Amino acid sequence: MIYKKYSIIPKELLENGYDLDMLGISEIAWKKKEILLIIQLLQENKIPILGGDVYSIKGGKVILTYDNWFTINDNSVNFISNSFDNAILYITNYEKRNGNNFIYSLVF
């Protein structure tokens, strides 16, 4: 299922995503490589990232990890750029600590 908010994301990236409907969540999540491309796309369009969630993949199943991050909108000039930096830093550090068997969704 394609959600309206994903209309700026190219079809190829959408097809590589994991639909989270089976968890009762109307979102799509991606592996690190793809999520970094999506963050870049949001950055180019000046769409801030409010936060995101982490899911693991075990035995072909998507599982909630209950790990997440967020960026507080402090109405500063730097909020939008900080939101991208926070997302990239969190995802990069998460994989360094936990491995690469995870997918990420974004709140934007």
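Two strands count as paired if DSSP finds at least two bridges between them. Keep that in mind as we look around this predicted model.

**The hairpin.** Strand β3 (residues 51–58) and strand β4 (residues 61–70) run antiparallel to each other and are joined over eight bridges. Gly51 sits opposite Phe70 in β4. Two residues lie between the strands of this hairpin, and Gly59 there has a positive phi near 60°.

**Helix α2.** This helix covers residues 32–44, and at 1.5 Å a residue its 13 residues should span 18 Å; the end C-alpha atoms are 18 Å apart, so the two agree. Its buried residues are Glu34, Ile35, Ile38, Ile39, Leu41 and Leu42. They take up an arc of only 160° around the axis, so they are on the same side of α2. What do these buried residues pack against? Their partners are α1 (11–15), α3 (79–98) and β5 (102–107). Over on the other side of α2, Lys33 and Glu44 are exposed. Just after the helix comes Lys46, with a positive phi of about 55°.

| Residue | Where | Phi |
|---|---|---|
| Lys46 | just after α2 | about 55° |
| Gly59 | hairpin of β3 and β4 | near 60° |

**The cores.** The largest nonpolar core has 23 residues, and Ile9, Trp30, Tyr104 and Leu106 have the most contacts inside it. Elements giving two or more residues to this core are α1, α2, α3 and β5. Tyr104 touches, among others, Trp30, Ile35, Trp69 and Ile91. There is also a second, separate core of seven residues, including Leu20, Tyr55, Val62 and Ile103.

Notes. Residues are numbered from 1 along each chain as its sequence is written. This is a predicted model: local features need pLDDT of at least 70, side-chain atom pairs count only at pLDDT 80 or more; totals for chains, interfaces and linings use all residues. Side-chain values use heavy atoms; hydrogens and water are left out. Helices (H or I, at least four residues) and strands (E, at least two) are DSSP runs, numbered from the N terminus. The expected span of a helix is 1.5 Å times one less than its number of residues. Buried means under 20% relative accessible area, exposed over 50%, partly exposed in between (1.4 Å probe, protein chains only). The arc is that of the directions from the helix axis to the C-beta atoms. Contact means heavy atoms within 4.5 Å. A nonpolar core is a set of buried Ala, Val, Leu, Ile, Met, Phe, Trp, Tyr and Cys residues joined through side-chain atoms within 4.5 Å. Lists of a residue's contacts leave out its neighbours within four places in sequence.
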